[in-house]
Amino acid sequence: MPLPQIGGWLEHSVGPLMSWCVLVAAAALAGHAVFRLTGFPRMLGYTVVGLLAGWLGFGDLPWPLQGNTQVLLHTAVGTSMLIAASQISLKWLMRQPFLLLQSLVESMAALVLVTATLQLLGMGWAVSLGVGVVAMVASPSVLLRISADLRSSGAVTDRSLLMATLGCIYALVLGLVVTVAWSPVAGTDAQSGLVLTAAGMGHLLWSLGLTLLWALLTTAALWPVLRWRSSRSDSTALYMLAVLVAASLLAERLGGSAALGFVLAGVMLRNLSPKPMVWPSAFMAGNTMLNLLMFVLVASMAGQIAPSAALISLVAAVSLARLLGKMGGVLLLGAGTGIGWLRQWPVACAQSPSSGLALLLASGQVAQWAAINPEVAVSVSSIALPMIVLCEVIGVLLASLALWRSGEAHRGIGLSALTSKEKRHDA
């Protein structure tokens with residue numbers, strides 16, 4: 001069925017900025033309606049608007065991501081990753097080796113199960129491993145939004161965010177290795193495998209060095225202002241956002257991973273001083289706005305993929321394999337991590353969402369591999385994009401219900417919970 005290109009008509013008539021104004025307004029209204037009527041986080045409304053936008057031809061953004069769109073997504077992901085990573089105490093984490101093992105196992109289980117599933121379904125090694133790396137990613141951005149919307153706090157919420165952040169670090173490092181050091185066999189065969197090249201190894205070392213440089217520069221730029229007594233001012237927030245945008249621009253022009261650099265910067269900022277980090281309220285408000293754009297962008301990209309019965313079956317199988325890997329890995333090693341085995345199931349559910357960081361990894365693979373083997377790049381896109389959105393929606397539902405049922409959310413979900421005690425929780 002041909003797509004109704006309403007977005008294309010609007011952009012042609014009044015310009016692309018107007019179409020984004022319509023999208024942002026629609027997403028804000030839809031997110032508020034979802035939150036007000038059901039109690040679920042606002043991002044579900046953002047995602048629905050993004051899917052409709054992709055189907056109706058709004059945005060007309062290039063794929064793989066490039067230019068300002070890539071910088072915008074890097075900045076949106078970076079603000080959330082910086083906040084999430086700034087809660088990791090290395091001294092405490094080194095005393096919890098079982099926790100490190102648990103996070104590594106759940107990430108690797110998702111990689112292995114997704115790769116094996118695609119192999120069984122007849123995909124080549126390049127496509128299978130590429131999608132497997134994307135499947136490793138959890139979403140600290142989603143968990144931060146859920147905890148803010150539901151007012152969730154406590155041991156389960158903190159553990160869920162920590163596990164998701166550690167999983168992102170593993171995925172970003174492995175994503176650099178697979179994308180930069182390895183490449184698919186040249187040609188037009190989607191079944192081709194991956195080959196390791198000497199030039200790729202050199203490029204990998206260069207990318208890792210640049211990533212460390214972006215992390216050090218970001219830390220050096222943010223550390224002094226965050227330790228000032230007046231660090232909660234709006235000027236500090238604007239300065240911090242400008243630093244993140246500048247780091248994203250440098251990474252786009254020169255190489256390296258801005259997202260991994262922001263994670264490392266967050267860890268360094270947290271561990272350079274025993275005092276807890278205090279983020280300016282304006283910075284958190286900017287993070288909320290960037291997250292809205294990120295959720296719309298992720299869903300609109302997937303909305304451009306033409307669905308088919310075979311593709312839907314394939315994406316469903318891959319998403320199920322990812323869910324089993326992540327939840328199984330957490331539950332398998334849950335007994336030795338300090339919060340009890342019975343409280344591991346909400347942590348396991350909280351590892352299921354996927355969002356902007358997964359989109360960045362998929363975009364990086366497609367951009368790197370499209371010139372070498374375009375069929376592999378197309379296959380990765382057609383599987384990874386719907387998988388990311390499906391996991392985002394299912395993951396938000398699972399994580400929200402899990403945190404609520406764990407007793408750490410101070411806002412209920414569902415109409416009966418919202419209207420209990422003769423007063424709405426969100427009134």
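**Salt bridges and a buried arginine**

User: Which residue does Asp149 form a salt bridge with, and how far apart are the closest N and O atoms?

Analyst: Asp149 forms a salt bridge with Arg145, the closest N and O atoms being 3.5 Å apart, where a salt bridge is a side-chain nitrogen of Lys or Arg within 4 Å of a carboxyl oxygen of Asp or Glu. This is a predicted model, in which local features need pLDDT of at least 70 and side-chain atom pairs count only at pLDDT 80 or more, while totals for chains, interfaces and linings use all residues. Residues are numbered from 1 along each chain as its sequence is written, and side-chain values use heavy atoms, with hydrogens and water left out.

User: Are Asp149 and Arg145 buried or exposed?

Analyst: Both are buried, meaning under 20% relative accessible area, with exposed being over 50% and partly exposed in between (1.4 Å probe, protein chains only).

User: What network do the shared partners make?

Analyst: Salt bridges with shared partners join Arg42, Arg145 and Asp149 into one network. The side chains of Asp149 and Arg42 meet at 2.9 Å, N to O, and Arg42, at 24% relative accessibility, counts as partly exposed.

User: How many salt bridges are there in the whole structure?

Analyst: The search finds four, including one between Lys326 and Glu106 at 3.0 Å, N to O.

User: Switching topic, which side chain of opposite charge is nearest to Arg322?

Analyst: That is Glu106, 7.4 Å away, and Arg322 is buried yet has no salt bridge; Lys and Arg count as positive and Asp and Glu as negative, whereas His and the chain ends are not counted.
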